[in-house]
Number of protein chains: 2
Amino acid sequence: MAATEDSLAVVGGGLVGSLCACLLGNRGFQVDLYESRDDIREQEHVTGRSINLALSVRGRAALALVGLEEEVIQRHAIPMHGRLIHNTDGTRKPIPYGRKGQSIFSVGRRFLNEVLLSACESNPNVRLHFRHKLQSADLDEAQLSFRGPDGQELKVQHRAVFGCDGAYSAVRRQMLRRPMFNYSQTYIPHGYLELCIPPTADGQFAMEVNYLHIWPRGQFMLIALPNQDRTYTATLFMPFAVFDSLTDRDKLLTFFDRYFPDAVPLIGKDHLVKSFFAVDASPMVMIKCNPYNVSDKSLILGDAAHAMVPFYGQGMNAGFEDCSVLSELMDVHGHNLSAIFSEFTELRNKDVEAICDLALYNYVEMRDLVNSTSFLVRKKFDLFLNWIAPSFWIPLYTTVTFSRIRYHECVKNRAWQDKVLSRLMNGALISMAVAGVAGAFQYLQPHRHLLKIPFDNIRPLAWLSR
Amino acid sequence: MAATEDSLAVVGGGLVGSLCACLLGNRGFQVDLYESRDDIREQEHVTGRSINLALSVRGRAALALVGLEEEVIQRHAIPMHGRLIHNTDGTRKPIPYGRKGQSIFSVGRRFLNEVLLSACESNPNVRLHFRHKLQSADLDEAQLSFRGPDGQELKVQHRAVFGCDGAYSAVRRQMLRRPMFNYSQTYIPHGYLELCIPPTADGQFAMEVNYLHIWPRGQFMLIALPNQDRTYTATLFMPFAVFDSLTDRDKLLTFFDRYFPDAVPLIGKDHLVKSFFAVDASPMVMIKCNPYNVSDKSLILGDAAHAMVPFYGQGMNAGFEDCSVLSELMDVHGHNLSAIFSEFTELRNKDVEAICDLALYNYVEMRDLVNSTSFLVRKKFDLFLNWIAPSFWIPLYTTVTFSRIRYHECVKNRAWQDKVLSRLMNGALISMAVAGVAGAFQYLQPHRHLLKIPFDNIRPLAWLSR
């Protein structure tokens, strides 16, 4: 068994794993990072999960901890100031994300992962091990067994294991068999499929660049985020049953012409048909669990601990914030992993479950409500109140996307706002009713003999004006 | 690979597995039953899960399908007509389960399992394979790999696989890795520990025999069910934190003297101390999933598909009813497993999830409400209405325990009753208010000059009597 007892193992070299390894290295820990795939920096084409990434404040704050925020934002990200809604009649309508200057940023997963892996590599405390696939783990003892690049089994012993190996985490699979480990995986009936919108003939972006484009159609939805190479990655979300019903070119084009007419020329008919039938739609899953640690020997982070559907743009941001929280707990507890791990579960569980639920709810809102009047009225009302009282009234989307207010407190804040609004509405109704009655009294007073009611003793307006 | 392609594999030879194998054998299928443990009929002492079993109508109906109901009920079961509540002051109070003649039956798990295994053995279509532990499975192809009694790997190919291997099902673990398989496991913060109440010195039952004895204490609960050998199996339910706090003999006895004073002499102090510290408390888990089948090649049943906490006494009954439902679907679809399996998931999911939720709710009710006045008043009210209108008003406990009304319809029926009661209550309040106002009018009418209100035109009682 390889003698690495003093070092920490990070399993998974994706976004959260590589950021986590970097942070732990900066904190003075020796870190071994194990990734099952090849080094993506050396590959021409990378398979695997995509869905464009929308980097916002939580993710940026975590990148800042390892000194990478500026590089990512300044050099490689495209700001998106709002949603741009595409209607079936060809009209487009912008809905800003927040106040002026508040933007989210479209970044490529591969680029971000490469930046983070390079940061790991230049950190003297971090060693990278690619093509190491986890075979089994004893999480009580932090013993791991990998199949290495030569196909041989490699057993290692670490001080602790950080499972950052994504929604289908092998580390979590070991936790699942332990008593008192609560777990749920919930698939939604919709799948997704990626398409590409190329640049125009003269090499320009094919649509307004600083937006997240949305074609909301109730049960279906198409979105598109801009890339650095002036393409857009478009993602089609639909029930699997609808994917399955589009069995040939004609059916597909008829469907697109009906629901996404302005997207067809942008994607190109032939490209659309080829891309659509080249791959199957992918499923989307929400994963919740509790706890995230096994004593002081292992901890899961990111999608391994809380995969969510992609509709709030918070999956990566929440995973990166896990790293920030870990770092903040190290400020308090130093290298005392026992205290850090148990407090991490305690602190983080209600926040990540809140954002998982919000993402699931936004799945309905994006498809449906974005296009409804009540949604737009509330959005404008929220932004207006936020404009006149910026620290008193903060819309839900703003707290989630442009602050580090704890997710569960964002939800509580929204519940409080709903209550205030509902009381204001009731108050307005009561005032109108009282005013109506008072008016009637005033009108009727001269004719009181008709009703024989002692109006003289009733002074509603006097009462109102007290 | 063993050529058993025409036969069905049942994985798990516990209660549901052995009943399922029997039923399938009776239906003309060739069946191979694989059980990881030894044949319990040949063992002196059996380890593993216990918690006494309370057999009720659903379980009995399934046993009747294989001709075993009478044997089990007449020869081996002890009827329990109600709960007997033990208060801390030593008083006892019976609460009947239903109307006269409606009883649930205490049966031993081991005995019932032995009866079912013997029935399998005498069925010419069923072959039993003990000490066969499932190692891996390809559920799309119904290929299974076992470690056999000689330690060798055995690969088999079947027409389909029935996973009846309990709450920690190895068959379900394979399903868990498939896309679109929804799953949750939820542990409650309470554990359980079994104790024994021996017969009296003259060989009699130490308490009233035809009851399920309950010591409800809010956060704790002790229950006891009678056994054929005149012992009681008592089960203590408490938060793990409380189990952990009772670290020595003195603390344990002080705790029992305070909360379960009349149980201490029945169990015996030394026996209590010895049993309590001999084993750790066991966890309790609720498991839900969907679907239960992988095409027409595999299906999970019983605890493998829907483990529940034991507080409604329906775990085994629901598992047995799965077998009844399977049998009923075979009445309709013959040997068409594809139709049977997909309809099983469709039909059964909302029923078993309803009983899982009810069992979790009863966890609170048994510890707490059984002792409360509102619970007792509602219970009496329900039984009274049921007595005067037996087919119109059936209490929830009665529909669940003494009928085969689908579980989700039991819950709907209860919701309807709650609504009726709440309207009746509101109706009564409104009637009282109207009567009060009308009375006031009648009283005031002679003195109407004091108020100058034209009473002559207001005839509330006339309106009421229309």
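1. The model is predicted, and local features are considered only where pLDDT is at least 70. Side-chain atom pairs count only at pLDDT 80 or more, while totals for interfaces use all residues.

2. Chain A is assigned three domains.

3. Between domain 1 of chain A and domain 3 of chain A, the C-alpha centres are 38 Å apart. The contact involves 19 residues of domain 1 of chain A and 14 residues of domain 3 of chain A. About 1,400 Å² is buried between these two domains, with 56% of it on carbon and sulfur atoms. On the domain 1 side, Arg58(A), Tyr312(A) and Asp351(A) account for 40% of the area buried against domain 3 of chain A, more than any other three residues.

4. Three salt bridges cross the interface of domain 1 of chain A and domain 3 of chain A. A salt bridge also joins the side chains of Arg404(A) and Glu321(A), at 2.9 Å from N to O. Polar contacts between domain 1 of chain A and domain 3 of chain A come to 12 residue pairs, both residues at pLDDT 80 or more.

5. Which elements of chain A supply at least two residues each to the side of domain 1 that touches domain 3? They are helix 2 (57-65), helix 11 (315-333) and helix 12 (337-367). Helix 12 of chain A has the largest share, seven residues. Sorted by class, this side of domain 1 of chain A holds nine nonpolar, four polar and six charged residues.

6. Chain B meets chain A through 20 residues of chain B and 20 residues of chain A. The buried area between chain B and chain A is about 1,600 Å², and carbon and sulfur atoms give 54% of it. Met180(B), Gln185(B) and Tyr187(B) lose the most area in chain B, together 36% of what that side buries.

7. How many salt bridges are there between chain B and chain A? The count is zero. Polar contacts between chain B and chain A number eight residue pairs, both residues at pLDDT 80 or more. On the side of chain B that touches chain A, helix 5 (170-176) and strand 14 (182-197) of chain B are the elements giving two or more residues. Strand 14 of chain B gives the most, with eight residues. By class, this side of chain B divides into 12 nonpolar, four polar and four charged residues.

8. Strand 14 (residues 182-197) of chain A runs antiparallel to strand 14 of chain B, and three bridges join them. Within this pairing, Gln185(A) has Tyr183(B) as its bridge partner.

9. Strand 10 (residues 133-138) and strand 11 (residues 143-147) of chain A pair antiparallel over five bridges, with Ala137(A) opposite Leu144(A). Their hairpin has four residues between the strands, and Ala142(A) takes a positive phi near 55 degrees.

10. Strand 11 of chain A is also joined by five bridges to strand 12 (residues 153-157) of chain A, again antiparallel. Gln143(A) is bridged to Gln157(A) in strand 12 of chain A. The hairpin of strand 11 and strand 12 of chain A has five residues between the strands, and Gly151(A) in the turn has a positive phi of about 80 degrees.

Key
Residues numbered from 1 in each chain as written. Chains lettered and ligands numbered in written order. Heavy atoms only, no water. Domains from an automatic or database assignment. Contact = heavy atoms within 4.5 Å. Buried area = accessible area lost by both parts, 1.4 Å probe. Salt bridge = Lys/Arg side-chain N within 4 Å of Asp/Glu carboxyl O. Polar contact = N/O pair within 3.5 Å; in protein donor to acceptor, adjacent residues only side chain to side chain. Nonpolar A, V, L, I, M, F, W, Y, C, P; charged D, E, K, R; others polar. Pairing = 2+ DSSP bridges.
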